[in-house]
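Some notes on the model, point by point. Please read them alongside the coordinates.

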Amino acid sequence: MPLQKFHYKNLLLGEHDVPLTCIEQIVTVNDTKRKQKVLGPNQKLKFNPTELIIYCKDFRIVRFRFDEAGPESAKKVCLAIAHYSQPTDLQLLFAFEYVGEIYHNPAKKVNGIDPGGGGGGLSSASGQQTPLFETYSDWDREIKRTGASEWRVCSVNEGYMISTCLPEYFVVPSSLADQDLKLYSYSFIGRRMPLWSWNHPNGSALVRMANIKDVLQQRRIDQRICNAITRSHPLRSDVYKSDLDKCLPNIQEIQAAHIKLKQLCVNEPFEETEEKWLSSLENTHWLEYIRSFLKHSAELVYMMECKHVSVILQEEEGRDLSCLAASLIQVMLDPYFRTIVGFQSLIQKEWVMAGYQFLDRCNHLKRSDKESPLFLMFLDCVWQLLEQYPAAFEFSEMYLTILYDSARISLFGTFLFNCPHQRVKESTEFAISKNIQLGDEKGLKFPCVWDWSLQFTSRDRLLFHNPLYIGKSAPCVQNGAVKTFKRSKKNYSSTLRGVPPALKNGIISEQEFLPRRNSLILKLKPDFLQQTESQSSSMEQYFRDWFAKPVDLHGIILPHISGTQIKLWKLCYFRWVPEAQINHGGFITAFHKVSLLADEVDMLNRNLRQYKSNSSLQGNCSELDQSRMYFRANSLNDTSGAPDFLSSSFPFSPVGNLCRRSILGTPLSKFLSGAKIWLSTETLANED
């Protein structure tokens, strides 16, 4: 394949570099003896490998051949990778080695930037920095931003004296005294007291809470907490409690769905599975679980927005499902969290500081039975909203994908630990063992993932920005002068334009949609109208009214959750599958249809010319035939230089990437070369 012109480059990683924490499984193969072995740490290899296959957590498969290497060196390479990618201790991860080196040799910096990234994040147009919520002042600013006047920042956990899985500072009702909090903390699992997340302008609060383990005290403490939250509401409204363990899939079910999804996208040859693709995808339950999180979060948005009640998200430990649900609710309710800086502050607040167990859930040490991709599912849910309301989000799907990738790079301390206390404890022990003087610092300062200049140039970071985003004060250029304008609530969202009438209110009638044989669901009705008897008709009416009105991009957004509108995040999961991609981008079925139409138009055009001038085009027929079944956006006479080749996985996977076999020889390459029928997409196209 010709070398691609490629605009995207990670400053830390080469095109085929894989972080050790991104490796999931290492397989060695000997072709001649027909042997293969999955390598674990400290294992022996009894045969000389001819091939090494590395399965990555980001759905990549990287293959290396040892045809030019000696047998012993091949064995050493395989054993070394197996050893270093499966460390026995947290302090053996690369971040500790790197930061230790920096403290001893300050001149050695990644791209000349100090560890910790100066506490900042990606600068927006206004020059904002991402708050890390490690200090009292960050929480205080968030209270003021949301108008939570009856809440206060609590410092009772300073030095992690109460709970090691809570941040040092968090927000509680003003009516709860520190002494009461200390007393109540013993009754909660993990001593995780109720945590304030966000306040609605109407005074309703969003609170996260672990279960109360003391059965005898449960009712009394529960009542005290609810009363305090009620007193913090200007209308003294009731509190609505949602038990997430009962109404959402658990972490084991999500992990099982993720494994099935990975097998579907990675292990089986793509072209062999396409005939049964949709039913196989449905059987993974991945999209079903995404729908359940979006649906439940939307129902809680209704409770806060319409019923004006505060919502408590209750979960056994209060640090898994509640991270996802609380974050989704805030993305739907608050347009600030749909900006880049706001979204980063949300992750820092609800995931990093609130004690989401990144070390165990991402399985950085390859020995956790608690692995579960909740953070990926959250990013997928946000992508669904971004796909449905592209003008409401400042960031692009590329930004979400890179954020997912960054959780697998063990340079950043952001996604490396189970809680802030673990970062302080482990890094302090490491500093003592390496004779590093910390001074007043609470543990080592690791590079922060929000300092994107560590990974990307300013030009590449432009790809993080969504060109369709309509900010509250978007710039408008007129006659060379920049003017700003504000969108009024009366403006229709650009997401509604060009959408079939049946989709505009999120409802598809049975007459307008005939189910396909391979459809995800056979009988399609909007889920918001399938409420159980226990749910009130007012909720049903609220959703009906909301979807009937134009979308306010700077207000609430609610998800469409019918079967056709929850999609697979192809850019993230199909990046390394050339068979599923198209040169110059796009969806394969749409590309196929457009190619057929272009072919037909081309043939009709030629017939017309032949009819008018008899034989004037006969000499060019063979040349035109060569371009059949290949759609070009530019004109046939365009003789400009070679174009920059893009694929539907841009900017991640160049065609001919080492991560998979070459696209040459696959059905897609035959289709692009001019095959009249490409069975898989032909079948899908006929059934649409």
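1. Basis. This is a predicted model, in which local features need pLDDT of at least 70, side-chain atom pairs count only at pLDDT 80 or more, and totals for chains, interfaces and linings use all residues. Residues are numbered from 1 along each chain as its sequence is written, and side-chain values use heavy atoms, with hydrogens and water left out.

2. Cysteine burial. Cysteine 165 is buried at a relative accessible area of 8%. Cysteine 78 is buried too, at 0%. Buried means under 20% relative accessible area, exposed over 50%, and partly exposed in between (1.4 Å probe, protein chains only).

3. Surface charge. Lys33, Lys35, Lys44 and Lys46 form a positive patch on the surface. Patch residues have over 30% relative accessible area and no salt bridge, with like charges joined within 9 Å. A salt bridge is a side-chain nitrogen of Lys or Arg within 4 Å of a carboxyl oxygen of Asp or Glu. Lysine 33 sits in the loop between strand S1 (23-30) and strand S2 (35-38). Strands are DSSP runs of E, at least two residues; helices are runs of H or I, at least four.

4. Backbone. Most residues other than glycine have a negative phi. Arginine 191 has a positive phi of about 55 degrees. Its loop lies between helix H4 (178-185) and strand S7 (195-199).

5. Histidine 285 also has a positive phi, near 70 degrees. This histidine lies between helix H9 (277-284) and helix H10 (286-305), in the loop. Histidine 285 is partly exposed, at 30% relative accessible area.

Conventions:
Patch = residues over 30% accessible without salt bridge, like charges linked within 9 Å, V, L, I, M, F, W, Y side chains within 5 Å. Areas by Shrake-Rupley, 256 points an atom, 1.4 Å probe, with all protein chains shown as cover. Lys, Arg positive; Asp, Glu negative; His and termini not counted. Charge placed at Lys NZ, Arg CZ, Asp CG, Glu CD.
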